[in-house]
Amino acid sequence: MNLVYSRALPSISGYFHPSTVKSAISLLDKYRRGAKVLAGGTDILVSMRTRNSLPRYLVDISGITKLNYIKFDSKGLLKLGPLVTIRDVELSEIIGTKYQLLREAAFCMGTIQVNNLATIIGNICRASPAGDMAPPLLVLEAKVKISGPDRNRVIPLSGFFIGPGKTILKYNEMVTEIQIPVIKENVGTAFLRLTRVASDLAKVSVAAAVEVKGGIFNKVKIALGSVAPKPIRAENAESFLLGKSISDETIEKAADLIIKDIKPIDDVRSSKDYRKEVSKILVAKAIEICINRAKVAGR
């Protein structure tokens, strides 16, 4: 038992530091729902100290060095490993050049101290409705690779979230990769959010990706956080924009349709009515940014 963990987390019965993914999954399988994966620890350790989560065993994967990668495969698919931190995303030249909204989301998150530890996969596995990385990954149509004792499976991120703090992950599985398709040259992306203070969770967050072709909305993807039980795609607004000519009026009408897609609540950060109004404003602004970026990218 590591002394730091035993002092701060008296509920822990065992702390493991496997050297391979196979070993990590074997431990999860052995200790079942009593075990949790630890990577950066910025979420789970806080939850344990506040007694919101009390696993008996921690499986620390931070020593599996081969899991820290940002790379393209032979087909141009961008792949991110489970030890890639938010800071890695923010500083990555690959991501900054090709996937600007991911860098923007990473830049908005937490403090440098937290982001040096927090992982992008940990952020989505927490399944917080306010998680900053989920909306941009949703509009990028990302997939997650899930590894278990018997098989690996790859599923769209849109099918990963079930509700607040809940995913489809089984007790003996872990997410071992994020896979992101290639972005076309004439696509513009953007990420925006509104918070009480810079390092706070979002009151509302919006990610968008727009493909422009001949002054027409050829493809549109919009996702929001903090306005529903899980991060969502704005399907009504997307469908409305598809195939329409770009204009301020069209964008305004699409933004008004956001109300049909979201289910905000009142909480300590904001009211549901405020979230509804802010969502419309942020969506319209994000679409405009995407259009401008798409025009520049397509030159």
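Me: What makes β6 and strand β10 (residues 174-180) a pair?

Reply: Five bridges join the two, and they run antiparallel. Pairing takes at least two bridges found by DSSP between two strands, so β6 and β10 count as paired. Within that pairing, S147 sits opposite M174 of β10. Strands here are DSSP runs of E with at least two residues, helices are runs of H or I with at least four, and both are numbered from the N terminus. By the way, this is a predicted model: local features need pLDDT of at least 70, side-chain atom pairs count only at pLDDT 80 or more, and totals for chains, interfaces and linings use all residues. Residues are numbered from 1 along each chain as its sequence is written, and side-chain values use heavy atoms, with hydrogens and water left out.

Me: How do you know that β6 (residues 143-147) also pairs with β7 (residues 152-156)?

Reply: Same test: DSSP needs at least two bridges, and β6 and β7 have five, in the antiparallel sense. K143 faces P156 in β7. With four residues between them, β6 and β7 form a hairpin.

Me: Why is E252 called exposed?

Reply: Its relative accessibility is 51%, and exposed means over 50%, buried under 20%, partly exposed in between (1.4 Å probe, protein chains only). So E252, at 51%, counts as exposed. E252 lies in helix α11.

Me: Which residues of helix α6 (residues 100-108) are buried?

Reply: L101, L102, E104, A105 and A106. After α6 comes G110, with a positive phi near 35°.
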